[in-house]
Every structure is written in C-alpha cells, then in structure tokens.
Amino acid sequence: MGGPDEQADSFGEQAESESVEQESVEAQWKAPEKKVYSENFGEGAGPEWSHRTVSRTPKGERKFLGPFNEQEVTLSLADLPDHDEVEVQLELFVLKSWDGNDTTKGPDRWVASVDGGPVLLDATFSNDDAPFDARYRQSYPKPYLQGSYPGLTGASMKGKLGYRDESGYGSRGDAIYPLSFTFRHTGDRLTLRFADPPRGEANEQWGLDSVKVKVRKKKVGDLLVSNNVNSSVLRYDGKTGAFVGVFIPPGAAGLNNPQELVYGPDGNLYIASFASREVLRFNGKTGAFIDIFVPVGSGGLGFPGGLIFGPDGNLYVADSFGGTNSVLRYDGTTGAFIDVFASGGGLLVPQKMAFDKKGNLFVVSIIGNNVVRYDENGAPFPAAGQPGAIFIPDIDAVTIAIGKNHKLYVGTTAGDDVLRFNAKTGAFIDVFVESGSGGLTDFVDMEFGPDGNLYIPDFLPATVLRFSGKTGNFIDVFVPAGTGANAATLTFMPSKRNKPHGHEAN
C-alpha cells in the first residue's frame, strides 16, 4: 500500500462528487464563439437571401421574411472565420392551415438543411388546436414519420400574429416555433436551405424571423478508434461520441491489424501495422496515406506493437514478436533507425509504453508478466528491491498510462480493471477502475483524453467507455455498441489547445 499522503490523496479524489466530474466534462466545450450573422428583417432582407420578400403580420405589424409557399429559400454566408461548429437559431412562422401528418391534405412538412451537409430538420407541423383531431397530429419535435404529437406542440406563441383560421375545423391561424440547430462545419462558406415540399393542398404559408448564426472552434479534436476486424480507423465526435465517418478505409496502404495509433510532433497520425510489420504515416487531418515511415525489418523490427514519441521527438517502437524483443528508436522526422533503446531486465514481448515527465520509459512486458522501467538513457531503472528493470512484478498488464501527480495506471487482464501505482516508487495505491465498471470486460488500450478523463475501448462489446480522471467512477458509454466494430486502440486528434500526446494525462 502507498503511504499516508498517497492514501489521503486517493480518498480525497474519490470524495469529489459526480456532478463536479460532469461539469468538468462540459466545461471544455464552453469555447469562445463568434456571431457571424443576425437579422430580424426590420430594414428588409439583404443579398445573402435568395428570396427577399419581407411582410408585416396582421396583428402587431411585426416584420418577417416571407410568407412562402412550396418554395425553397436559401441563406448564403461567406468569409466565415476559422471554426469547427455552427449554431443556427431562428423563429419559424407556421401560417394558416397546416395539417401535420395528414396524408390527404398533407403531409405538411418543413425542411431545413445545409448545402452539402446534414438535414437539420424534416418535420410536419399542425395548427390544429384543442380539442385535437388525431388526423392532424404533427411529427415535430421529432422527424417526419417518427413522431405523432398534438398540433402546436413546442410552439412558443399560438394565434398571436393575427392570421385567420382557414381550416374550418377549429385551428389557430399562426404559430411561432423557436428552433436551434448545431452541426459540424468547416470552411469559409455556408449555405442554409429552408423549404416546404409539395403536398396535397398547398394553402399553408411560412416565414422566418430572428435568424442568428454563430460559429465556434472546438477546444479538442475528435476521437479515432481502430477497427481490428477490417483494419480501418473510425472517427467519432470528440464532444458527443457520435460516429462521424471512416477516417482511414479498411486496409488502406496495406494497413493490417493496427496495434497503436499515435500523433507525432508533425501533426500526422502514425499506426503500428502489426501484420504488415510496418509503421505507416497518414495525414493527421484527412487520413490520406503519406508513406511507410518505418519499413519492414528496419533495425531488426519484427512485429510493431506499441508506439510513442519521446521527449526527444523521436519515435519509439515496441518490437513485440519475431524480432529484437526490445524497444527500438527511430528518427522522428525521417523514420531512420537510430538504435535499440531498451532491452533485457525482464522485458519479454514489449507492448504499450508511457514516458513520465522526467523521461523515464515504462513498458508493459506481456510474457514477462510485469511492467518494466528504463531511464532517459535506456538503462534499466527498477523499483527499489526489484531486479533488472522490473518496476511492478507479477501483474497481468496489457496497457499503461501516466496520470497527474506522478501516478501510473495499469490495465490488467486478470481483473479487467485499472490499478493505480506511485510512478516514483511502484507502491500500489488503489483499484482506480473497478472490475466490470460500466460493463468493462475486455480491453488492451486506454488513454486520458483532453478533458482529463480516462477512455477505454472495450473490444468485445465494441464500445468506448469513459471514466472520471479524478475518481475512476464510470461516467458514460462514450461510443455505444453498433456504431463501430471491435474497438482495440484509440487516440484523440490534436487541436491548437492540445498538443499530440501519448498515454499521459494533460
């Protein structure tokens, strides 16, 4: 067990509330935003609009863009500042006899989309008022064919604009819906499309008011996860865990059984391609193949396992099978072999690695069934009382990470848990992530994310789990099952705020 100070520190961390943990998760996303467009049409509509009709409501003479009927209206903005995300806010005026899901007179749909991007909303609206007629229910707030709600559900104002009820069955003549959309977007141009598709009866109208567009730069990059079933790399939103797309297609450039993903100082992605016995380099932003950074057999390399860039900027490769059974060092710029950095001292089949702040290298020794340590020169640096380079003996380690306050985190196969040790002495502190926590069953990698929390890809359920970086408590299933396949290794794409890093907390 660790000393009194270590135990007190551990207990103090565990006492922090889960609400504080969640606040820390969200705080990183409160990035500065810029309002790039705002219009309430009091002085008319500008050339950014494809249709510039501005009208006054019968009551209150409120100005708005419209009315429109079976028309598409676009808003085109240019010269946007650098951003990753866009937020659009507007008020939708639903005017006259909207009939919702009714297939005889409708369905009365309204669609908002991004040119070359996602559909933001495709829903039906109904001005049917109580007592509600089941024929005229609307899908909003859910998409068309996915919802059935009473008319006017979600409206902030009903019948306040002065439009007459023309339905003949007791409806309101108008309703206002405040809408907000947030979506991923880059580039300096943005075109938004708003339309009401053709329908059975076209006696409905709509308009827009209070249109605002904001952009923001994300503080952290997206999550990349290797799919070891088809040797691809998948991309997930770094904020929500939502699937974004395939970052590197299956088998690209000969990629076969990726064992480690790591970003280099150049901002590009390096992958240990185990079965092809190479280290491949890909564009860190686009996923496009660049080159074979470390070719087959370079420096005696057998099968590359773990990868990490050291404090010297060079690439360290764990030669796990069929080669030198050591940690090899390669020039971080050219990929040229430099030397055998570390070997022996209890190292048998090296895999995951981590550097501490002093430049000491920790390595998981799979067959050796221990964690070994070498100093900044590659010399064995065991824990007190241990032989060779052994730092933690007799442990079924599969992955490691260095956290804050000089703690070493070790993922084990014996308990499917994460244990915490003093990274200076090797003294055991506590079980940081309990066995089975959050459904954890089978993993070979873990990494502290830019938010300071611990992310673990659970291989068999094909999920990525998130745990508090302070207490080890389970937070959520960050990437749910069914959005990828057999997640084995992961890393976060770097951003301006977060430099490329390995298995170390920020």
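Student: What makes strand 24 count as mostly covered?

Tutor: Keep in mind that this is a predicted model. Buried means under 20% relative accessible area, and in strand 24 five of its five residues are buried.

Student: Which strands pair with strand 24, and what makes them count as paired?

Tutor: Two strands pair if there are at least two bridges between them. Strand 23 (residues 350-355) and strand 24 share four bridges, and five bridges join strand 24 to strand 25. Both pairings meet the cut-off, so both count. The sense is antiparallel for strand 23 with strand 24, and strand 24 and strand 25 run antiparallel too.

Student: Which residues stand opposite each other there?

Tutor: M353 stands opposite V363 in strand 24, and L361 stands opposite Y374 in strand 25.

Student: What sits in the hairpins between these strands?

Tutor: The hairpin of strand 23 and strand 24 has five residues between the strands, and G359 takes a positive phi near 90 degrees there. In the hairpin of strand 24 and strand 25, four residues lie between the strands, and N369 has a positive phi near 60 degrees.

Student: Why point out the phi of N369?

Tutor: Most residues other than glycine have a negative phi, and most peptide bonds are trans. N369 is not a glycine, yet its phi is positive, about 60 degrees. N257 does likewise: a positive phi of about 60 degrees, although N257 is not a glycine. N257 lies in the loop between strand 14 and strand 15 (258-263).

Student: Is G426 buried or exposed?

Tutor: Buried: its relative accessible area is 15%, and the cut-off is under 20%. G426 is found in the loop between strand 29 (417-422) and strand 30 (428-433). Leaving out residues up to four places away in sequence, G426 touches F391, I392 and F421.

Student: What makes the peptide bond from G106 to P107 cis?

Tutor: Its omega is near 0 degrees. P107 has its place in the loop between strand 5 (85-96) and strand 6 (109-114). Another cis peptide bond joins Y140 and P141, with omega about 20 degrees. P141 is in the loop between strand 7 (119-124) and strand 8 (157-158).

Student: Why are strand 19 and strand 22 said to stand at the edges?

Tutor: They belong to an open sheet of four strands with the order 19-20-21-22 and antiparallel pairing. Strand 19 (303-309) and strand 22 (337-343) each have a single partner strand, so one side of each is left without a neighbour in the sheet. Neighbouring strands of this sheet are turned by 30 degrees against each other on average, direction ignored.

Student: How do you know that strand 20 and strand 21 are paired?

Tutor: Strand 20 (residues 315-321) and strand 21 (residues 326-330) have four bridges in the antiparallel sense, and at least two are needed. In that pairing, L315 has Y330 as its bridge partner in strand 21.

Student: How many helices and strands are in the whole protein, and how much of it is buried?

Tutor: There are two helices and 35 strands. Buried residues make up 54% of the 506 residues.

Definitions and conventions: Residues are numbered from 1 along each chain as its sequence is written. This is a predicted model: local features need pLDDT of at least 70, side-chain atom pairs count only at pLDDT 80 or more; totals for chains, interfaces and linings use all residues. Side-chain values use heavy atoms; hydrogens and water are left out. Buried means under 20% relative accessible area, exposed over 50%, partly exposed in between (1.4 Å probe, protein chains only). Axes are lines fitted to C-alpha atoms, for helices over the stretch in contact, and angles run from 0 to 180 degrees between N-to-C directions. Contact means heavy atoms within 4.5 Å.
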